[in-house]
Amino acid sequence: MAIALPKQIKIGAHTYNVSFPHVFCDNHMGVGNKDFCEIKVAAGFDGKEYPGTVVLSTFIHEILHQIDLLFALGLFAHDGSVEDESKINALAESVTQMVLDNGWLPKEWREKDEADERLGMAKPIT
Ligand SMILES: [Zn+2]
């Protein structure tokens with residue numbers, strides 16, 4: 001596993017518990033729950049590991065859902081529709097790219113230093 005997500009993350013005034021790697025009984029990659037302040041992200045499916053960039057993008061996707069819900073921004077419908085998920089995915093992908101290309105991934109989220117090369121991450125700004 002190339003990436004280690006934090007056990008908890010603050011979103012708004014709330015501390016979310018992060019379950020990673022979470023094992024779903026189907027091909028769900030991530031899910032969030034505002035009422036219970038939890039985010040669950042899978043590390044893989046059907047015996048195969050997701051690349052770290054996919055895990056990070058999924059994590060950011062779930063965070064974006066929670067930000068929109070917590071602050072009642074109304075950016076997304078959260079109805080699971082393809083159109084709605086595509087919008088969130090586009091935003092998650094762009095944020096993921098910005099985090100990686102600018103070396104903003106916290107060191108403690110990396111399981112191994114050599115993962116940087118595998119993920120194609122820029123070196124952190126020091
Ligand atoms: Zn979603």
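Which residues in α1 meet which residues in α2? The sections below take up this contact after an outline of the chain.

## Basis of the model

This is a predicted model, in which local features need pLDDT of at least 70 and side-chain atom pairs count only at pLDDT 80 or more, while totals for chains, interfaces and linings use all residues. Residues are numbered from 1 along each chain as its sequence is written.

## Overall architecture

The chain contains three helices and six strands; helices (H or I, at least four residues) and strands (E, at least two) are DSSP runs, numbered from the N terminus. Along the sequence, these elements follow the pattern β-β-β-β-β-β-α-α-α.

Of the 126 residues, 23% count as buried. A residue is buried if 20 or more other C-beta atoms lie within 10 Å of its own, exposed if 12 or fewer, and partly exposed in between, with C-beta atoms placed from the backbone. Among the contacts in the chain with a separation of 6 or more, 44% come from residues 24 or more positions apart; two residues are in contact if their C-beta atoms, placed from the backbone, lie within 7 Å.

## The contact of α1 with α2

Helix α1 (residues 52-70) and helix α2 (residues 82-101) have axes that come within 8 Å and cross at roughly 120°. Axes are lines fitted to C-alpha atoms, for helices over the stretch in contact, and angles run from 0 to 180 degrees between N-to-C directions. The two helices are therefore oblique to each other, given that angles under 35 degrees count as roughly parallel, over 145 as roughly antiparallel, 65 to 115 as roughly perpendicular and the rest as oblique.

On the α1 side, the contact involves Thr 53, Leu 56, Ser 57, Ile 60, His 61, Leu 64 and His 65; these meet Ile 88, Asn 89, Leu 91, Ala 92, Glu 93, Val 95, Thr 96 and Leu 100 in α2. By class, the residues of this contact are eight nonpolar, six polar and one charged. Here Ala, Val, Leu, Ile, Met, Phe, Trp, Tyr, Cys and Pro count as nonpolar, Asp, Glu, Lys and Arg as charged, and the others, Gly among them, as polar.

## Backbone features in the loops

Most residues other than glycine have a negative phi, and most peptide bonds are trans. Phe 20 and Pro 21 are joined by a cis peptide bond, with omega about 0°; Pro 21 lies in the loop between β2 (14-19) and β3 (30-33).

Cys 37, in the loop between β3 and β4 (38-41), has a positive phi near 50°. Cys 37 is partly exposed, with 18 other C-beta atoms within 10 Å. His 78, in the loop between α1 and α2, has a positive phi near 55°. His 78 is partly exposed, with 14 other C-beta atoms within 10 Å.
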